[in-house]
Each structure stands twice: as C-alpha cells, then as structure tokens.
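User: Please take a close look at one part of this model, the open sheet and the nonpolar core. I would like a connected account.

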Amino acid sequence: AQRVSTSRIVMSLGRTSTTFGWATSESSVSRVMFATTWPFLYATVPSVSTNAYTTNPSVTLTNLQPNTRYYYVLESVDAAGNETVTLPRSFVTNQ
C-alpha cells in the first residue's frame, strides 16, 4: 500500500470551536492534534479523531479559547497502517 496523502484542507473558525475538513488518498482514520505551544509532544497533546475510515474526514475541536493561536497537525492512518502527518500549521480563534 502507498503512503496516505492529505489534500484540500478547509477550516471553519469560530470563537470556541474550529472544524477541519480534508481529503485523503485512501480510506483512513484521522485526527487533529493541537496545542497553544509549538513544538508539542504528540503523545501528550489533546486530539480529536474520526470514528470511522473515510476519505473525507471532518473533525471539530471544541472548548477552545477565543482570540488564541493554536498549532495543529493532521494525522491520517489507513487500514494497512500507512500514516501521514501534515507539517505544523496554526490558526487563531475568533474574538
């Protein structure tokens, strides 16, 4: 199996929540890992996952602080265990 690729990342920003949607090249279980500091340790930061294999994951982060910068990475893993993690990016929640 080939490495999963991630594309077409879209975000919907709110004051205390943010929704991510993206596309994967193979059906995958995906998650968003996030924190207010970078770099972060992947094992210790909060994350929100999809509950099923899909090529169009959508994840909503809730209980965020308004007007705050968050750093995040997206991770997708297919059924064969092939994994991809995006480069870190950031967003700022609305005021």
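Analyst: Contact here means heavy atoms within 4.5 Å. The model is a predicted one.

The open sheet has 3 strands in the order S1-S2-S5, and their pairing is antiparallel. Strands S1 (6-13) and S5 (58-61) stand at the edges with a single partner strand each, so one side of each lacks a neighbour in the sheet. On average, neighbouring strands of this sheet are turned by 15° against each other, direction ignored. Between S1 and strand S2 (residues 18-24), the antiparallel pairing runs over 6 bridges. Val10 stands opposite Gly21 in S2.

Ser12 also belongs to strand S1. Ser12 counts as partly exposed because its relative accessibility is 47%, which lies between the limits of 20% and 50%. Leaving aside residues up to four places away in sequence, Ser12 touches Ser17, Thr18 and Thr19. Ser12 and Thr60 are 48 residues apart along the chain, and their C-alpha atoms are separated by 9.1 Å.

The largest nonpolar core is made up of 11 residues, among them Phe20, Trp22, Val59, Leu61 and Phe91. At least two residues of this core come from each of S2, strand S3 (28-35), S5 and strand S6 (69-78). S6 gives the largest share, 3 residues. Phe91, one of the core residues, touches residues including Met11, Leu13, Phe20, Leu61 and Tyr72, with residues up to four places away in sequence not counted. A second, separate core has 5 residues, including Ala35, Phe40, Val45 and Val73.

Key. Residues are numbered from 1 along each chain as its sequence is written. This is a predicted model: local features need pLDDT of at least 70, side-chain atom pairs count only at pLDDT 80 or more; totals for chains, interfaces and linings use all residues. Side-chain values use heavy atoms; hydrogens and water are left out. Two strands pair if DSSP finds at least two bridges between them. Helices (H or I, at least four residues) and strands (E, at least two) are DSSP runs, numbered from the N terminus. Axes are lines fitted to C-alpha atoms, for helices over the stretch in contact, and angles run from 0 to 180 degrees between N-to-C directions. Buried means under 20% relative accessible area, exposed over 50%, partly exposed in between (1.4 Å probe, protein chains only). A nonpolar core is a set of buried Ala, Val, Leu, Ile, Met, Phe, Trp, Tyr and Cys residues joined through side-chain atoms within 4.5 Å.
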